[in-house]
Amino acid sequence: MSSGVPSVDPDVVPLTEPADGVGPVVSTPIAFSRVVDAFAAGSGPVAADAERASGYRYGQATYLVQVRRAGAGTALLDPVGVPDLSALGAAVGDAEWVLHAASQDLPGFGEHGLHPARVFDTELAARLLGMPRVGLAAVVADTLGLGLAKEHSAVDWSTRPLPEDWLRYAALDVEVLVEVRDVLADRLEEAGKAEWAAQEFEHVRTLPPPAPRVDPWRRTSGTHTVRDRRRLAVVRALWEARDDAARRRDVSPGRVLPDRAIIAAANALPRTVPQLVALPEFASKGARRRAPAWQRAIDEALALPESALPATRGPRSDGPPPPRAWADRDPVAARRLDVARDVVARLSEELAVPAENLLQPDALRRVCWTPPDPATAATIGDFLRDRQAREWQVGLLAGPLAEAFATA
């Protein structure tokens, strides 16, 4: 089976200007209604992208939506000024939407009433084709021989007004997305992977929002260096105080107080504001200005009774233990995991599909730790389906895993 990857890298021609220029940002209902009419009269797929302000604002709100359709051109939509974009979805009906890394943009689209009926994800397509680089610029270069600049990918898209060069960058992100889709679709067909891709696209389109994390404060970078429950309580208190301040100010939490400062305070256990600001991590003007609030959070944690302190280990998961512990806890399961990984690695190389796209690592670990009894191709297939594996994945893996388990 062909991987669909060209053997020679194409010459890259810089893509610097949208064919139709950069139009004004659509930020009023009247301007948006004109876009809706134009897209209703257009034809073919809708290329789409979104920009957020990660690292600048609290949460993952969408601050710009770019859409392009044949016959309609490109529109740059401001969801702050026009928060309800549902009319655009209704105007294009069941047209396919082409996105790159759709899982990043679809949740934000949904918040503004956009629910595509069909999706083509150019990043997922590139993964299934075994392309070595799957970022948008790399995929555009590979498929069309065009160079797409990415210098504004991490800017603060909540800025108003948006600078002209940022808008040019945003428009270029959808300028050739449909053309990229067409090349990738041909490669998928040639490689015998078109149906796999269709199942992946529908899966990502219909994914529900993730469940809220349990104890999200435990994801503070450096928490593994905090050794006792009292200090963990300080991490939790500072994380919660920071999160509250960040939400109220609509600022990224890391800009309110870096993780490293939280960990430094937890390890030092300062009892006074002067002791706190003596820590190098609290030397900035912002940290010193808000030091009394941080010290209050620390004091509250220090005053907690033992019964209210967090456990040194996080909440128990319903999943298996870390694989490094398997050999001691269940040697047979450890052997199953070894042979299962060999199966996945072999198929990954043979089919030119990354192992994680053949099967989610969590699903692989679960079926190895607690396999169905008996572990047949049919029962393993059902087990994987229950964990959201797609039919193409089940068809490729259920039989080989059953054979491997029988010899483990």
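Me: In which loop does Asp250 lie?

Reply: The model is a predicted one. Asp250 is placed in the loop between α9 (229-249) and α10 (253-256).

Me: What makes the phi of Asp250 worth a remark?

Reply: Phi of Asp250 is near 55 degrees, a positive value, and the residue is not a glycine. Most residues other than glycine have a negative phi.

Me: How do you know that the bond between Arg160 and Pro161 is cis, and where is Pro161?

Reply: Omega is about -5 degrees for the peptide bond joining Arg160 and Pro161, which is cis. Pro161 belongs to the loop between β7 (146-148) and α6 (164-175). Most peptide bonds are trans.

Me: What is the omega value of the cis bond that joins Asp373 and Pro374?

Reply: For the cis peptide bond between Asp373 and Pro374, omega is about 5 degrees. Pro374 is found in the loop between α18 and α19.

Me: Which residues make the contact of α18 and α19, and how do they divide by class?

Reply: From α18 come Ala363, Arg366 and Val367, and from α19 Ile380, Phe383 and Leu384. Five of the contact residues are nonpolar, none is polar and one is charged.

Me: What makes α16 oblique to α20?

Reply: Helix α16 (residues 331-351) packs with helix α20 (residues 391-407) at an angle of about 140 degrees, the axes being 9 Å apart. Roughly antiparallel would require an angle over 145 degrees, so α16 is oblique to α20. The crossing of this pair is right-handed.

Me: Which residues of α16 and α20 meet?

Reply: Arg336, Val339, Ala340, Val343, Val344, Arg346, Leu347 and Leu351 of α16 meet Leu396, Leu397, Pro400, Leu401, Ala404 and Phe405 of α20. By class this contact has twelve nonpolar, no polar and two charged residues.

Me: How do you know that α16 and α18 are oblique to each other?

Reply: α16 and α18 pack at about 140 degrees, with 8 Å between their axes. Since the antiparallel class begins over 145 degrees, α16 and α18 are therefore oblique to each other. The crossing of α16 and α18 is right-handed.

Me: What residues form the contact between α16 and α18?

Reply: On α16 they are Ala333, Arg336, Leu337, Ala340, Arg341 and Val344, and on α18 Leu364, Arg365, Cys368 and Trp369. Seven of these contact residues are nonpolar, none is polar and three are charged.

Me: What is the volume of the second largest pocket, and which residues lie nearest its centre?

Reply: The second largest pocket has a volume of about 610 Å³. Among its 16 lining residues, Arg313, Ser317, Pro320, Pro321 and Pro322 lie nearest the centre.

Me: Which element gives the largest share of the lining of the second largest pocket, and how does the lining divide by class?

Reply: The largest share is from α18, with four residues. The lining of the second largest pocket comprises six nonpolar, three polar and seven charged residues.

Terms used. Residues are numbered from 1 along each chain as its sequence is written. This is a predicted model: local features need pLDDT of at least 70, side-chain atom pairs count only at pLDDT 80 or more; totals for chains, interfaces and linings use all residues. Side-chain values use heavy atoms; hydrogens and water are left out. Contact means heavy atoms within 4.5 Å. Helices (H or I, at least four residues) and strands (E, at least two) are DSSP runs, numbered from the N terminus. Ala, Val, Leu, Ile, Met, Phe, Trp, Tyr, Cys and Pro count as nonpolar, Asp, Glu, Lys and Arg as charged, and the others, Gly among them, as polar. On a 1 Å grid over the protein atoms alone, a cavity is a set of points where a 1.4 Å probe fits but cannot get out, and a pocket is an open set with protein on both sides within 12 Å along at least five of seven lines; lining residues have an atom within 4 Å of a point. Grid points are joined across faces, edges and corners, and a volume is the space filled by probe spheres set on the points. Axes are lines fitted to C-alpha atoms, for helices over the stretch in contact, and angles run from 0 to 180 degrees between N-to-C directions. Angles under 35 degrees count as roughly parallel, over 145 as roughly antiparallel, 65 to 115 as roughly perpendicular and the rest as oblique. A crossing is left-handed if the near helix is turned anticlockwise from the far one by less than a right angle, and right-handed if clockwise.
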